[in-house]
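Dear colleague,

I am handing over the structure we spoke about, and I would be glad if you could look through it alongside the notes below.

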Amino acid sequence: MFILCHQNKELISYHAINRADIQDTDMEAIMDTIVDSLFCFFVTLGAVPIIRCPRGNAAEMVAVKLDKKLRENLRDARNSLFTGDSMAAGQFSFQRPLFVLADRNVDMATPLHHTWTYQALIHDVLDFHLNRVMMEEGVGAEPSPAGARPKKKSRKTYDLTAADKFWQKHKGSPFPEVAESVQEELDTYRAQEDEVKRLKSIMGLEGEDEGAISMLSDNTAKLTSAMSSLPELLEKKRLIDLHTNVATAVLDHIKSRKLDVYFEYEEKLMSKSTLDKSLLDIISDPDAGTPEDKMRLFLIFYITAQLAPSESDLEQYKKALTDAGCDLSPLNYIKQWKAFTKMAATPANYGNSGVKPMGLFSRVMNTGSQFVMEGVKNLVLKQHNLPVTRILDNLMEMKSHPETDDYRYFDPKMLRGSESSIPRNKNPFQEAIVFVVGGGNYIEYQNLVDYTKSKQGKKVVYGCSELFNAAQFIKQVRQLTCSPVYHLKK
């Protein structure tokens with residue numbers, strides 16, 4: 001996964017690209033910034049990709065400019081950055097990679113979706129940036145002396161890195177699984193710790209007791225091995241503490257905001273399954289989530305609905321949302337966006353995903369557990385492809401599909417840039433990079449990771465112009481009041 005970590009990322013944000021009052025010169029500057037970054041990315045990879053993109057949006061503008069920049073660099077044989085060692089050392093040296101450009105407007109529901117996997121949940125509910133979680137620790141139990149200032153809440157930071165085996169294994173797992181695994185790790189650690197304590201107490205035995213002496217000789221070797229594994233044990237303890245604290249903070253959000261209810265309901269909306277309760281009930285429930293959670297749910301309902309709700313129904317929803325304290329400004333933009341995409345193309349299809357409630361948690365429900373999950377559903381994810389994954393699959397496997405048949409085709413290595421959208425390569429691609437212009441999220445990333453697990457030997461890299469969670473995305477949408485996708489109207 002990679003992100004264009006542009007210092008002033010608001011200059012290439014979803015809001016910047018989709019502003020109605022944007023000038024052509026500003027749009028050119030945004031596209032050039034994205035293209036320069038992608039050009040550097042491919043030079044670093046040491047690979048010249050085959051580029052595919054949809055027509056008539058920001059992704060197409062990036063593709064045209066990137067094709068031109070790569071072509072010009074390859075044409076100048078003496079100064080080309082794609083010759084020599086970097087090509088041989090390129091990660092994708094055997095076959096040229098496919099580069100799929102997607103536009104954020106192809107799927108507006110996923111960035112708003114409440115999620116159920118560990119990494120995406122952390123990004124959604126905690127302060128998570130550049131693999132670092134920042135959390136406020138609660139104030140100590142001791143009351144401050146009379147007249148003293150109240151103690152400040154200390155901020156704790158945790159780094160979730162590739163060296164953390166638990167994180168690598170579980171960042172894409174559903175949250176209930178993570179909670180159970182943290183508890184198992186904790187139990188294993190305590191058993192090892194007790195063993196070290198037991199051996200130490202035996203070593204401290206004195207006197208001429210024959211039983212004690214025979215035990216001592218047996219246990220010397222055991223203690224030596226236990227002591228040598230102590231640094232490993234301490235590191236394990238640090239990681240368990242880290243994930244216990246982070247997972248507990250996530251669990252607090254799930255419980256207080258009923259995020260499991262939101263996740264399950266949104267999955268049903270996106271997969272067109274039958275709904276067991278009405279949307280108005282959730283919006284009107286004062287205990288279910290924050291005003292922003294309710295707005296996210298309603299926007300997903302509005303985006304995924306085959307038929308827009310009637311004016312009278314919409315007024316009813318608006319009243320319930322306003323009563324719940326929601327800011328309705330994002331809805332104005334989404335209404336215009338939906339009307340526009342209806343004219344331009346078919347709405348995104350989210351597949352038959354659905355989730356299965358698995359009854360109550362097995363071990364995590366035990367009172368001895370760190371994580372008491374009463375009232376939280378244990379939902380198990382069913383594998384399904386989100387729109388970006390589906391587009392990538394069609395193009396990687398060279399499938400004919402109405403969604404991608406019209407995608408443009410660029411090969412920067414061809415001397416003459418052809419306008420043809422007919423791929424010359426008929427073999428499926430083994431390696432691909434998918435890049436979302438306008439911003440991406442961990443839900444899409446995880447969906448692609450799961451997709452590649454089912455495809456042996458295939459490598460996929462996910463990139464985006466910025467990485468945002470739902471709150472950051474809604475904030476950008478809120479600022480967009482006029483009609484979206486300026487460059488399509490031009």
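Predicted model: local features only at pLDDT ≥ 70, side-chain atom pairs only at ≥ 80, totals over all residues.

Among the elements that give two or more residues to the lining are strand S1 (2–3), helix H5 (118–125) and helix H16 (442–453), while the largest share, 4 residues, comes from H17. By class, the lining has 15 nonpolar, 14 polar and 6 charged residues. The pocket lies between domain 1 (2–107 + 386–480) and domain 2 (115–139 + 153–205 + 217–256), because both domains give residues to its lining.

Glutamine 446 is placed in helix H16 and is buried, with a relative accessible area of 7%; leaving aside its neighbours within four places in sequence, glutamine 446 is in contact with Thr117, Gln119, Lys171 and Gly172.

Turning to the aromatic rings, the whole structure holds 19 aromatic pairs. One of them joins phenylalanine 41 and phenylalanine 42 edge-to-face, at 5.2 Å centre to centre with 75° between the planes. Tyrosine 445 and tyrosine 462 form a tilted pair, 6.4 Å centre to centre with 40° between the planes, and this pair links distant parts of the chain, with tyrosine 445 in helix H16 and tyrosine 462 in strand S11 (residues 459–464), 17 residues apart. Tyrosine 445 is buried at a relative accessible area of 14%, and tyrosine 462 also counts as buried, at 2%. Both tyrosines belong to one aromatic cluster, which includes Tyr118, Phe128 and Trp167.

With best regards

Terms used
Residues numbered from 1 in each chain as written. Heavy atoms only, no water. Nonpolar A, V, L, I, M, F, W, Y, C, P; charged D, E, K, R; others polar. Domains from an automatic or database assignment. Buried < 20%, exposed > 50% of the residue type's maximum accessible area, 1.4 Å probe, protein only. Contact = heavy atoms within 4.5 Å. Phe/Tyr/Trp six-rings, centres within 6.5 Å; stacked < 30°, edge-to-face > 60°.
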